[in-house]
Structures are given as structure tokens and as C-alpha cells.
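Hi,

Here is the structure I said I would pass along.

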Amino acid sequence: MTPPRTLIVVAHPDLENSRITAQLTAAIKDVEHVTVHDLSASYPDRRIDAAREQQLLREHETIVLQFPWHWYSVPGVLKEWMDQVLSYGFAYGPGGDALHGKRLRLVISTGGPESSYAPEGYNRFTMAELLRPLEATAHLCGLEMEEPRVLHSAPRVTDEELAAHAGHYRELLLAVPVGVR
């Protein structure tokens, strides 16, 4: 069985100086069916080539958005990408079915501990609640949203914990989803 082609959209404002996102990216960059796409490196001026990005999306069956959690949302470069690429007529609306049936996965790191993402926690809301806009986006675009992978307390994880998380991420990408041959 051949795994589906996977596009990893990495959205970090400074990947070179990132500990978490950089290690996660390094762990999966040599997986045969995976295309790693660093938005900040591709578009330092934030002028997104929507046609190029849409073609990349068409060429892959699974899309992974990999990013650090910023102000209860995605980093600015990913928001700009979404605004430009997930357009009417391509991702939704009449004729906008280019992404229908594809899989979407979120790979996120947060600064706070998991306990802070609870009704009684510091942030007052669960990650599932905070991720609702991305879930709604996936639904609008006809994407099948998979269970997000969240690494909490990113600044405080040990090197061993980070290596284990990166290893699990790699294993996830190497696995063949049910129903794929």
C-alpha cells in the first residue's frame, strides 16, 4: 500500500530559530511521500502565489498545517495563506470542490500546559473549542479533519519528550490510512 501524498504547510515566523517546529520539520522532511512547504521561506514578503499554492493542494491527498499557536489562532503567514489560497470557486462555493474528500491534520505547539486549556484553566476554553474556526474552515472546504496533534508546554518540554513527539509525528505520516491502497 502506498501512503497518500502529504503536503506539510509549515507556518512559523522564524523557523530557523525555532526549537519545536524546526525539530518536527526535520523529523519528517525525508519521508518519501511528504512535501514540506515552509511558508515564511517561500513568501518572506507575504505575497502569496495563490495559483502555485492551489496546485500544491491539488497534488496532495492529505494536508497538514504545522504551526505554533499564536494568540488563540494561527500565525499571520498562515492566515494570509488561508485568505489567499482557500478562495471562492476553488475551495468553496460553486465549482469550489478542489479539496473535497482530502484529509486535513493540524500539528500545533502551545506555550501553556494542557491544563490551561480547560473551562477552569488559564485560557478558559479547551483546544477543541479554540480550534472550531479551523474545523469550520475544513467543513466549508469539504476537508475531512483528523484529530489534531498538540504539543503543550512547548518551551518546557525536554529534549527527550520533543524527540518522542517528533518520532510519533513521523510514524503518523508513515502510516497508511484505513481505506487507502
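This is a predicted model: local features need pLDDT of at least 70, side-chain atom pairs count only at pLDDT 80 or more; totals for chains, interfaces and linings use all residues.

Let's start with the packing. The largest nonpolar core has 33 residues. Within that core, the residues touching the most other members are Leu-57, Leu-65, Phe-67, Leu-78, Trp-81 and Leu-99. Several elements each supply at least two residues: strands S1 (6–10), S3 (62–68) and S4 (103–109), plus helices H3 (50–58), H4 (76–85), H5 (127–130) and H6 (132–141). H4 gives the most, with five residues.

Leaving out residues up to four places away in sequence, Trp-81 touches Val-9, Leu-39, Ile-48, Glu-53, Leu-57, Leu-65 and Leu-86. There is also a second, separate core of 18 residues, which includes Val-31, Leu-162, Ala-166 and Tyr-169.

Gln-66 sits in strand S3. Is Gln-66 buried or exposed? Its relative accessible area is 1%, and anything under 20% counts as buried, so Gln-66 is buried. As for its surroundings, again skipping residues up to four places away in sequence, Gln-66 touches Ile-8, Val-9, Val-10, Ala-11, Thr-21, Leu-24, Thr-25, Val-107 and Tyr-169. Two names there come up above as well: Val-9 is also touched by Trp-81, and Tyr-169 belongs to the second core.

On to the pockets, in case you want to set up grids.

- Largest pocket: about 270 Å³ of space, with a lining of 16 residues. Lys-79, Met-82, Pro-133, Leu-134 and Thr-137 lie nearest its centre. H4 and H6 each supply at least two lining residues, and H6 gives the most, with five. By class, the lining has twelve nonpolar, two polar and two charged residues.
- Second largest pocket: about 200 Å³ of space. The lining is made up of Glu-114, Tyr-117, Met-127, Ala-128, Leu-131, Glu-135, Met-145, Glu-146, Glu-147, Pro-148, Val-150 and His-152. By class, that comes to seven nonpolar, one polar and four charged residues.

Cheers

Key: Residues are numbered from 1 along each chain as its sequence is written. Side-chain values use heavy atoms; hydrogens and water are left out. A nonpolar core is a set of buried Ala, Val, Leu, Ile, Met, Phe, Trp, Tyr and Cys residues joined through side-chain atoms within 4.5 Å. Buried means under 20% relative accessible area, exposed over 50%, partly exposed in between (1.4 Å probe, protein chains only). Helices (H or I, at least four residues) and strands (E, at least two) are DSSP runs, numbered from the N terminus. Contact means heavy atoms within 4.5 Å. On a 1 Å grid over the protein atoms alone, a cavity is a set of points where a 1.4 Å probe fits but cannot get out, and a pocket is an open set with protein on both sides within 12 Å along at least five of seven lines; lining residues have an atom within 4 Å of a point. Grid points are joined across faces, edges and corners, and a volume is the space filled by probe spheres set on the points. Ala, Val, Leu, Ile, Met, Phe, Trp, Tyr, Cys and Pro count as nonpolar, Asp, Glu, Lys and Arg as charged, and the others, Gly among them, as polar.
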